[in-house]
Amino acid sequence: MNLSPEYLAVLANSTIRMTTPILLVTLAAALCTRVKLFNIALEGAMIAGAFFSIVANYYTGSIWLSVMAGAVSGMAVCGLVGFCVVHLKASAVVAGLAANTLMTATTTYLLSIIFNTKGVFTHPSLVSLPKITLPGVAGIPFIGTLFSGLTPLDYLAFILAGLLYVFLYKTVPGFRLRAVGINPEAARSLGTPVERWQLLTITFSGLLCGLGGCLLSMGTVTLFIQNITSGRGYIALAANTLGQSHPLGVLLSCGFFGFSQAVGNALQNTALKTQMTFSIPYAATIVALIAFHLYTQHKKKKAKEASLQ
Amino acid sequence: MLLHMHQISKSYGPVTANDQVSIELHQGDILAIVGENGAGKSTLMKILYGLEQPDNGTIYLNDRQVVFHRPSDAMAQGIGMVQQHFMLFGSMTVAENVVYRKETRKGLLMDHRRNQALVKELSQRYHLPVDPQAVVDDCPVGLQQRIEILKILYQDAHIIIFDEPSAVLTPLEVEDLLKTMEQLSRLGKSIILITHKLREVMAVAHRVVVMRDGRVISVSDTSETSLEKMSYEMVGRQIPTRHMTPPTVGTPLLEVTGLSLKGEPGTITLHDIHLQLRQGEIVGIAGVSGNGQSELIRCLTGLQAYDTGQVMLNGTDVTQASAGMIREAGLAHIPEDRYAWGSAPAATLAENALVGAEGRHPFSRSGILNLRQVNAHAAHLIQDYDVKAASLFQQMASLSGGNAQKLIVAREIARKTPVLIACEPTRGIDIGAMEYIHGQLIEKRDQGDGVLLVSSELSEIMDLCDRIYVMFEGRLNGEFIRGEVDEKTLGLYMLGGNRHAPQTALG
Amino acid sequence: MHHKQLLGNESLRHWLRRFAGALKQPTLAIFAGLVVGGIVIALSGFHPLTAIGNMLKGGFGSAYYLTTTLTRSTPIIFAGLAAALAWGSGYPSLGASGQMILGALICSQAAVRFTGPPLWVITLSLLCGMLGGMLYSLLAAWISDRFKLYLLIVTLMLNYIADYIASYTTTYLVKDPFGADASAIQTQRIESGILPRIFTGYTVHWGFVIALVTVIIILFIMKKTTFGYRARMGGLNPRFAEYGGINSQRMMYGVLLLSGALAGLGGACEVLGARFRYVDGMITSPGYAWSGIIASLMASNHPVGIFFSSIFLAGLTTGGGAIERSMGVPSEVTTIIQSVITLLITAHFVMAARKRHAAPAPYTPSEGGDLHESQP
Amino acid sequence: ASQSTPEAPAAETAAAPPATPAASEADFSHLKVALISDPIGTEQFILQAYHKVEEMAGIHGFQWTSMECGDTAQWEENGRAAANEGYDLVIGVGWQAAEPFSALADEFDHVHYAVIDAIAGNDKVTSIGFNETEGCYVLGVMIGTAFPDEALYGYVGSFQTQATYKYRYGFSEGVKSVNPDAEFMYNYTNSYSDTSLPYEYTTQQQAAGATFIFGGVAASANAGIYQAALDLAERGTPIYTTGLSVDQTTPDNPYIIGGALKNTGSCTEIIISQYLDGTLAGGAQILGLKEDAFGVVHVTTDTANYMNEEMMPPEAIDAAKAVAAKIIAGELEIIAPEESAN
Ligand SMILES: Nc1ncnc2c1ncn2[C@@H]1O[C@H](COP(=O)(O)OP(=O)(O)OP(=O)(O)O)[C@@H](O)[C@H]1O
Ligand SMILES: Nc1ncnc2c1ncn2[C@@H]1O[C@H](COP(=O)(O)OP(=O)(O)OP(=O)(O)O)[C@@H](O)[C@H]1O
Ligand SMILES: [Mg+2]
Ligand SMILES: [Mg+2]
């Protein structure tokens, strides 16, 4: 095995690709947290996105219509959960988890109804997301590899993190959205339709999940297979906590998760068994959360000491 | 006529909160609504503000019928409400709070500088000084209320509803508030004021409506009524005047030496607190709220750890002990916030009446509850304190605020502990019930127990306390014996004694 | 007079009314679930009423089907009780899955290693299973308490880790030494210390009886003990509980330890009564823990309700299997029905209608139960 | 519109008794056969068995059903329900069947239980396991001959267990028999359904220097490897790979140059026809190259969907065929050691 810079670039490149779906979903989680909603239906919205983008892909052959179908179906799932949670006051955890199993079952079921196949669907006529070649970058040795094989949605994930930051902290609608989350009663008392804001936000978060689903089903391999999300929606919850629901923090925490996943993969070729290496990202997430807590506590203590002098 | 609420009725299941209530308001009026707990005042205002829908009756604004489905409808018609529980975005700035929903913007972006300038301008116009850039969570309560008022003015309200605005304020802040109301009325704003403090009514209101059991009992000009008349109409009986015998003081029950608490930046720190409470006396802690009273009481009751100091309770060293241990050692505690600490709103009345005693005879034996005793005890409390409740098994949250308070007071006094810490025990309680609770506190003292009374209500402190400490900026700033001090001196000490010149709550 | 009237209120009529009120929500949700399921069934070309009828028959319709359902319901009941304790006390934990896994794994090892009379071995192994669940719950509780992390997130992560630990252990450390088939990832078969079946010829085993007894014990603990009272108050308003002298930290550990013990016991009963060994994925694949959470929600955390809702949910699954076998209805239909029920089980249809014009709720503990559910 | 399901290779096997004319004339309409498996479609080899039962039912006229197990507990529930609902022959495909069927065979004497792809402990059960190791050894020889100068060979598998180790071990021993200095890099996805992980592992293993990567995840999830092969070729760094369970070579993807075959179809046929004949005995057997139960594309089959003649030279196929012949003749035996020892 050779650990050339090129190999490391490939490793980093594939880590980016594996991280962007999680980043999109974690941004979704962060947005919902900002309006005081705990959205655990990310996984279900992602599955829906992955499935319906493939359906649209098969029937229209258009990649952009597929992405739209994925986004819309993600929105539909989160919108449904949002309606139950916001308007019918259902428990967010329960309704969200239910939506996840509902979508897993529904997509498998529709797979057999629409395509008459069980478990997995792929077809030569399916088109995949185009890969972007950055002009001038592709030739550079390390950098070129680092940015190779990324789709517009991969770039979009990073751009969205920045845009969401600007939206939340610099714009008027973002200000109002945060206000709803800080004190819904106060917002309501001034005539803000809090429920509508919450519903809109969670529905929009579904769009992000749907895009994440598109990345899974059309980013690298163009197919739908049941349970294609493999728990990424739940990872996003942890990444969101670690990133403090801040778009830029979320960017960091997803990067951290991707990094620990890469470390786990690299360790597979050692004496460690994969059952061990696969638990690394989860254990690392807990450790990071603990470290973050200890760090903030330490900072608080420092500030307290400073203020007393 | 500006506003006419005509024949408004509203019931909640079997409870009739409003029964054909009519009120009228003219421009520039200050209209006070008074009445005992559960009389239906808040309900009426909620209807006016679009928070509740009346079962019957009509609202006329400028002689035109209006229907408010939600607060924004009311606000669009120029009606604003300062609610008891402030409706502010704590982690945002004053300016952001005030301009919310009417922000100036540059394109999609917030124009922070312009917003701050607007708020500054508004605050100067109405003589309500604020710092637009301050974060609301860091502002004292009085200032937060001022922000609330500014917010409503910024929304162009011309009718402003205050529901018990002074319950959380210090005397000086109350003075400020009353001045503000008069000023607003001079500037053409109309005000509806709900309060249990009849002195405030006499001070600022032009007219007063008295309610009882959901009905209007009387409407009169303030110049034509009196404190006695109003309280008689409210409660339906004469409030007796109270006599306090001089205290027979015994051994110390609560001794605090050198208690200090270093808070986090931006919060109150306690400096070297020494205090003593003896058998047979009521000791008061007066002070502008937000000067460390809450922290001190949390330290004394085991709800917060402190850095240094020793606390002796009834001969036991309870330094840094847990709330449970301190309760066991003989302390009862009426907390200042009835919903945050004092009760579990979603639990039943019976469950709320049990807390702290669940581990004792006769309510339980070796961990197993005796539900018959538990329920009987709760029923007694409800009966003795005249809590208006339908069932032991209804939720605490369905009681009116005053009635919830009464149940908490009842629970704590009934523990018959040597020491009672009572924080704002009569906040939001009507004068009849207040009288009863005061009587109970005095009776407790006369039985030889000690009561530590924390109140921002100076008259309550002056009336009840044998000895008074004044708290300012985390220090006990003075100690006085009843009768040796007047309200003015106390007020001075509450603002930093002779060391500082008096200043407004803005600081 | 006032006194009497207050006390007399919890009459049979009052209780019945409350009971009926508590049933309204689950009934509506179940109805909605069956309607959606019926539509799905109809879409795939089957007669919905026949299919649902057959499904109920296949879940409860004969001694054979019913006992199969009861077997499946056993671990769900334990998981449901575990969830009810934790959620009802304000500690929403998703940890039952990991705790059941470790309970099952440890119990399977204990039962293989201990020798002695069967009853002795069974008791010891069950205790070991409980201990396993308890310790894992303790870990979650400690991390959550010491580092102020959301229990929900911690338990979610720990579930993955438990699954991998068990998988590793079963693959490498305690793999079945006698297995004819080397590819099966499972531990050694337990021969003597198994929970016997209640009726010969039917799979339902004594684990179900243990579950029933546990339901009664938990009911007693929740309703009639100071522990239950304190846990409930802590769940409704943690600051109120602390103010009342209830040591919230101790309650948290107590509640979560007990919850973990129940989950561990559930895993252990499944090993000793149904599988006779630990098989990789035996807990996660049927989703017992998840069904347990649904069961406890359907029953508003009431132990007796959990008993019945668990049986109902298990019956849907066995009935779903039956219509798949007899009519060819895809098994996903059952999952869809279950999910729709779950989606709506905590929704407030009635309140929503009334709520439209109503005031905001009088008080929601801003840092109470709601803190755990919605993040800051 | 459904996924292409290549026809299983014809089940002309040495072990299978020729279907007697008597068998096809007899009336089997009272007989009930059940096929129990994981959800069909998660694995191609289940689909093969499913189609075989369907096909034989058409020929012989028995009643049949398929029972999919959504979770591991359903294996016993379905096996038991089949007995209670009057099924005569119950065939389980998957290792999960071994344990419950062994117990059920004792309880229900009138039902014949059979297991494919696992060895049951109870001799009343007919069980057929596969000798994956020797088949993969042959595949390894083929690849070692076709890619003789590589320093590093890749392997992407699903779960790291003894079951998959038989593939990995057989393959690497086969390669080493040709190229003794070969080194191996392996990655596991821990899932049968994740396709992006195999994709990424493939690109990583390529970057680490592998030109051949064994596709061992699952017939469906191997798609990740196949797509990566296409993408890498476009970038000028092609890799080659092989399929699993069924013949996955296809003209659409010339980088799939062979594969291991798990012929559940022929096993199903053996079991059903022997049952109809009344000759089905219990007991376990492990079938491999000799019985054509576990085969290798281009080696045990003469036809393949596609043949990349450039990358798969005749000498590689010949070398593989020679080793296969030796194994069938019993001259060579490959047995995988315990995975844990590795
Ligand atoms: N949403 C409700 N559901 C049931 N009862 C209610 C509700 N709101 C108010 N009530 C009842 O209506 C009556 C009037 O309550 P309201 O809050 O208007 O009284 P109030 O005059 O404001 O009392 P207080 O002085 O204690 O604030 C009380 O008996 C109260 O318990
Ligand atoms: N939706 C509701 N369900 C049950 N009770 C309610 C509801 N809404 C209001 N109440 C009760 O009616 C009473 C009137 O509400 P309001 O907001 O005026 O409080 P309050 O009586 O003034 O108490 P506080 O002084 O604490 O604010 C409250 O005590 C509240 O508990
Ligand atoms: Mg009120
Ligand atoms: Mg009140």
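**Salt bridges and a surface patch**

Modeller: Let's begin with B:R445 in this predicted model: at 1% relative accessibility, B:R445 counts as buried.

Biologist: Which residue forms a salt bridge with B:R445?

Modeller: That's B:D446, and the closest N and O atoms are 2.9 Å apart. B:D446 itself is partly exposed, at 45% relative accessibility.

Biologist: How many salt bridges are there over all chains?

Modeller: A search of the whole structure gives 48. Some share partners: C:D176, C:R189, C:E191, C:R277 and D:E99 are joined that way into one network.

Biologist: Back to chain B. What does B:R327 pair with?

Modeller: B:R327 meets B:E412 in a salt bridge, 3.3 Å from N to O. B:R327 sits in helix α10 and B:E412 in helix α13, so the pair ties together parts that are 85 residues apart in sequence.

Biologist: Are those two buried or exposed?

Modeller: Both B:R327 and B:E412 are buried. Also from helix α10, B:E328 ties to B:R360 in the loop between α11 and β19, with 3.6 Å from N to O. There, B:E328 is exposed at 53%, while B:R360 is partly exposed at 31%.

Biologist: Switching to chain C: which residues form the nonpolar patch on the surface?

Modeller: C:L12, C:W15, C:L16, C:F19 and C:L23, with about 510 Å² of accessible area together. C:L16 belongs to helix α2, residues 12–43, and is partly exposed at 43%.

Biologist: And what does UniProt say about residues 21–43 of chain C?

Modeller: An unreviewed entry annotates that stretch as a transmembrane region, among several in the chain. In the model, residues 21–43 are 100% helix, with the end C-alpha atoms 34 Å apart.

Key
Residues are numbered from 1 along each chain as its sequence is written. Chains are lettered from A and ligands numbered from 1 in the order in which they are written. This is a predicted model: local features need pLDDT of at least 70, side-chain atom pairs count only at pLDDT 80 or more; totals for chains, interfaces and linings use all residues. Side-chain values use heavy atoms; hydrogens and water are left out. Patches are made of residues with over 30% relative accessible area and no salt bridge: like charges are joined within 9 Å, nonpolar side chains (Val, Leu, Ile, Met, Phe, Trp, Tyr) within 5 Å. Accessible areas come from the Shrake-Rupley method with a 1.4 Å probe; for residues, only the protein chains shown count as cover. A salt bridge is a side-chain nitrogen of Lys or Arg within 4 Å of a carboxyl oxygen of Asp or Glu. Helices (H or I, at least four residues) and strands (E, at least two) are DSSP runs, numbered from the N terminus. Buried means under 20% relative accessible area, exposed over 50%, partly exposed in between (1.4 Å probe, protein chains only). UniProt positions are given in the numbering used here, feature names are shortened, and annotations may be inferred rather than shown by experiment.
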